[in-house]
Amino acid sequence: MNFLPVTSESLEKAAKIINSGGLVAFPTETVYGLGADAYNPQAVAKIFEAKGRPKFDPLIVHIAAIKTLENVASLSLLNEETRKKLYLLAENLWPGPLSIILPKSEKIPGLVTAGLSTVAVRFPDHEAALRLISDSGTAIAAPSANPFGSLSPTRAEHVRDSLGHKVDLILDDGQTRIGLESTVLDITGGKIKILRPGGTPKEAIEKLAGKVQCFEPKANDAFTSPGQLKSHYAPRTQLFVLNREEIIRKTCDQSCAFMFFDGFTKDIWLAERGKAIHGREVLRVLSETGDTLEAAARLFETLHELDNLNISRIFAQLAPQQGLGEAINDRLLRGAAV
Ligand code: TXA
Ligand code: MG
C-alpha cells in the first residue's frame, strides 16, 4: 500500500491504478471513498471484498462533469418533468454532497448497482477527487472507505488503519470538509424522496424542487437504500444517544465520554454536577455555538477519537432536527443500534 499526499504525481499514479483495475482511496468533501473503475466489474468486485460489504448494497458512481451523466444513466427513461427536476438540482447543487438515483445505463455493470435498475450518481465538490476522475477518463464507483458497518473515514489515516493492506494507494488530503456522507435522493418515482440524509440539507432541495419525502425505515424496507440498515456507522465503543434533557441528567460512574452537540448544554451539564465531577469523564462538544454544519464536520472525527480512548461508553446528544442535524441524528441513531 502507498500512502501519499495529493500532488500531480500521486494523482497520476492513482489514475493509472484505476485504469489498471486497482483500488484507490481518495478524499472527497464528505468522507474518503474507496474507488475503482465503475465500468470494470473485476475492479468493482475488489471493493466489496476489501470492505467486507454484502453484494446487495449498491455503490455510488462519481462523475466530474454534468455532461457525463449520459454515460452512467439512461436519462431517456425519465419523463420530461423529472428530467427538468434533475437538471435543476444538478445545476444548483452539483458539485456537492448529493447523490441522485437515476435509471442506470447498460454500460454500468450490475455489480455496481447490486442488480438494481437504478444507479446513484454523485459529482463531488473536491478538486483532487475531480482530477482523479477526469485523469482516469472514467467514472469511479466508490463507497465510503471503511469496513462495512463501521465509522466512515474523515482522514486518510482512518483508511490506512482499517483497510490499508487492501488498497493499492491512499491519497491523503487531511480532514474532509463536510465530515459525513452525501444525501441520497431518489427522483425516479415521481415524488422526490430522501433515502439517506446527508451533507445536502432537505431544506436546500425543497427550495428548488418542492416538498421532499423522507425515508422512514420499516422492517422490510431496509434494502431500498442499505445505508439505512440499522447498526451502521458504529464505533466499537458502546454508543448511547440522548436528547438534551436526558444528557443533562446523565451521570456515569465508569470511564465515559459525553459528546455534546453544543457548548451551552455542556455548561449546564457541568453546572448541574458542581463538584461531583470525578474527572474520569471525557467531554467533547461538536459545535460551541450549536452550528449543525460545524457539528457534522466533527461528528465522525470525534467518534474516531473517542473510540481510541478505551472508555466504556459514549453518551451522545442529539442535534436539532434541521439543516445537517437530520444527518447527524441519523448517523448517531444507526451507530447506537444493535
Ligand atoms: O458521500 C458519499 O456519498 C460517500 C463518498 C465516498 O462519495 N460515499 C458513500 O458511499 O457514502 P456508501 O457506499 O457508503 O453509501 C452509498 C449509499 C448507500 O446507502 C446505498 O444503499 C445507497 O447509497 N445507494 C447506492 N445506489 C443506490 C440505488 N441505486 N438505490 C438506492 N440507494 C442506493
Ligand atoms: Mg458507507
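User: Which residues of helix α6 are buried?
Analyst: In this predicted model, helix α6 covers residues 127–136. Its buried residues are A128, A129, L130, L132, I133 and S136.

User: Why do residues three or four places apart point the same way in a helix?
Analyst: An α-helix has 3.6 residues a turn, so residues with that spacing point the same way. In α6, the buried set includes A129, L132, I133 and S136.

User: What covers the buried residues of α6?
Analyst: The cover includes helix α1 (8–19) and the strands β2 (24–26), β4 (60–62) and β7 (140–141).

User: And which residue follows α6?
Analyst: G137 follows the helix. The phi angle of G137 is positive, near 65°.

User: Changing topic: where is K85 found?
Analyst: K85 belongs to helix α4, which runs over residues 80–93.

User: How does K85 count in terms of accessibility?
Analyst: K85 counts as partly exposed, because its relative accessibility is 23% and that class lies between the limits of 20% and 50%.

User: Which residues is K85 in contact with, leaving aside its neighbours within four places in sequence?
Analyst: Those contacts of K85 are with I192 and A209.

User: Now the whole protein. How many helices and strands does it have?
Analyst: The protein has twelve helices and 15 strands. Its radius of gyration is 20 Å, close to the 20 Å that the globule rule gives for 338 residues, so the protein is as compact as a globular protein of that length. Along the principal axes, its C-alpha trace spans about 65 × 45 × 35 Å.

User: What share of the residues is buried?
Analyst: Buried residues make up 56% of the 338 residues. The protein exposes about 14500 Å², and carbon and sulfur atoms supply 49% of that area.

User: What about contacts between residues 24 or more positions apart?
Analyst: Such pairs account for 70% of the contacts with a separation of 6 or more.

User: Which domains does the assignment give?
Analyst: The assignment gives domain 1 (2–214) and domain 2 (238–336). Their C-alpha centres lie 29 Å apart. Between the domains, 22 residues of domain 1 are in contact with 16 residues of domain 2.

User: Last topic: how many positive and negative side chains are there?
Analyst: There are 39 positive and 40 negative side chains. The centres of the two sets lie 4 Å apart.

Key
Residues numbered from 1 in each chain as written. Chains lettered and ligands numbered in written order. Predicted model: local features only at pLDDT ≥ 70, side-chain atom pairs only at ≥ 80, totals over all residues. Heavy atoms only, no water. Helix = DSSP H or I, 4+ residues; strand = E, 2+ residues; numbered from the N terminus. Rg over C-alpha atoms; globule rule 2.2 N^0.38 Å. Buried < 20%, exposed > 50% of the residue type's maximum accessible area, 1.4 Å probe, protein only. Contact = heavy atoms within 4.5 Å. Areas by Shrake-Rupley, 256 points an atom, 1.4 Å probe, with all protein chains shown as cover. Lys, Arg positive; Asp, Glu negative; His and termini not counted. Charge placed at Lys NZ, Arg CZ, Asp CG, Glu CD. Domains from an automatic or database assignment.
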